[in-house]
Amino acid sequence: MAKLVYLILALCVVQGTFARVRRDAPAAPAAPEKSFFDNLLDLGGKITVAFEESRQNVLKSLGFQSDEEIVQTIKNNTEQYVTKLRTAQTTIQEELTKQSDVFEPIVKDLNAKLSETAATLSQQNPEVAQKAKEYQEQVQTNLQSLFAEAQKTVEKLKEDSRAPTEKLQQALKQIYDSTLETLNSTGEKVKQQAAN
């Protein structure tokens with residue numbers, strides 16, 4: 001019997017030495033999900049680059065085509081942009097109506113700038129503009145002014161303890177997205193026209 005106990009004990013020891021302890025490697029820490037504000041800051045950097053690229057493309061193309069062609073391209077893209085701004089403004093206005101006490105002081109300036117920018121861009125008569133460069137500079141000045149106001153609003157919302165509603169976030173993102181899209185589209189179309 002003692003031999004049997006020693007044999008079992010020996011088998012346990014042998015099995016323990018051959019057994020491999022297998023542990024899964026710790027999972028790599030997940031990359032922290034970017035917040036709404038971080039995403040807007042990233043978009044803001046892209047917009048700043050797009051402002052300069054669009055301006056450079058217009059300047060390069062002035063020697064290759066008529067001012068009228070460039071002005072028409074800028075005008076078409078600007079009209080699309082104004083439509084998107086008005087959609088974003090409608091959403092912001094609806095959110096203000098629902099929660100005016102919360103967001104009104106924060107979003108008031110942006111809402112006014114949206115109205116002003118949409119009206120100014122709609123009123124400009126490119127036929128009156130003497131040169132495409134001047135017209136492009138007027139459009140970019142308006143876009144930059146609106147973008148600066150949007151960034152101020154985002155900073156105020158970031159500092160505020162209450163999170164913006166989902167619709168308000170969507171409206172702000174739409175402003176950023178459509179600004180970037182308009183700048184990129186205008187720059188690319190003018191560049192293509194110059195290449196033709």
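This is a predicted model: local features need pLDDT of at least 70, side-chain atom pairs count only at pLDDT 80 or more; totals for chains, interfaces and linings use all residues.
Colleague: Which residues line the largest cavity?

Modeller: The lining is made by S54, I74, T78, Q136, V139, L143, T182, L183 and T186. Two or more of the lining residues come from each of helix 3 (67-98), helix 5 (132-159) and helix 6 (166-195).

Colleague: And how does that lining divide into nonpolar, polar and charged?

Modeller: The lining of the largest cavity has 4 nonpolar residues and 5 polar ones, with no charged residue in it.

Colleague: Switching to charges, then: how many salt bridges does the structure hold?

Modeller: There are 7 salt bridges in the structure. As background, side chains of opposite charge can pair when their charged atoms come close.

Colleague: Let's take K98, which residue does it form a salt bridge with?

Modeller: The partner of K98 is E95, and the closest N and O atoms of the two are 3.4 Å apart. Both residues belong to helix 3, where a spacing of 3 residues puts them about one turn of the helix apart.

Colleague: Are K98 and E95 buried or exposed?

Modeller: K98 counts as exposed because its relative accessibility is 56%, which is over the 50% cut-off. E95, by contrast, has a relative accessibility of 4%, and because buried means under 20%, E95 counts as buried.

Colleague: What about D109, which side chain does it meet in a salt bridge?

Modeller: D109 meets K156, with 3.5 Å from N to O. Since D109 lies in helix 4 (residues 100-123) and K156 in helix 5, the pair ties together parts that are 47 residues apart in sequence. D109 counts as partly exposed at 35% relative accessibility, and K156 also counts as partly exposed, at 29%.

Colleague: Staying in helix 5, how far apart in the helix are E149 and K152?

Modeller: E149 and K152 are 3 residues apart in helix 5, so about one helical turn separates them. They form a salt bridge too, in which the closest N and O atoms are 3.9 Å apart. E149 is buried, with a relative accessible area of 11%, whereas K152 is partly exposed, with a relative accessible area of 48%.

Colleague: New topic: where is T91 found, and what does it touch?

Modeller: T91 is found in helix 3, and once residues up to four places away in sequence are set aside, T91 touches K167 and A171.

Colleague: Why does T91 count as buried?

Modeller: T91 counts as buried because its relative accessible area is 18%, which falls under the 20% cut-off.

Colleague: Last one, how many aromatic pairs does a search of the whole structure find?

Modeller: The search finds 1 aromatic pair. The pair is formed by F147 and Y176 in an edge-to-face arrangement, with 5.4 Å from centre to centre and 70 degrees between the planes.

Colleague: And where in the chain do F147 and Y176 sit?

Modeller: F147 is in helix 5 and Y176 is in helix 6, so the pair links distant parts of the chain that are 29 residues apart. Both F147 and Y176 are buried.

Definitions and conventions:
Residues are numbered from 1 along each chain as its sequence is written. Side-chain values use heavy atoms; hydrogens and water are left out. On a 1 Å grid over the protein atoms alone, a cavity is a set of points where a 1.4 Å probe fits but cannot get out, and a pocket is an open set with protein on both sides within 12 Å along at least five of seven lines; lining residues have an atom within 4 Å of a point. Helices (H or I, at least four residues) and strands (E, at least two) are DSSP runs, numbered from the N terminus. Ala, Val, Leu, Ile, Met, Phe, Trp, Tyr, Cys and Pro count as nonpolar, Asp, Glu, Lys and Arg as charged, and the others, Gly among them, as polar. A salt bridge is a side-chain nitrogen of Lys or Arg within 4 Å of a carboxyl oxygen of Asp or Glu. Buried means under 20% relative accessible area, exposed over 50%, partly exposed in between (1.4 Å probe, protein chains only). Contact means heavy atoms within 4.5 Å. Rings of Phe, Tyr and Trp (its six-membered ring) pair if their centres lie within 6.5 Å; planes under 30 degrees apart count as stacked, over 60 as edge-to-face and the rest as tilted.
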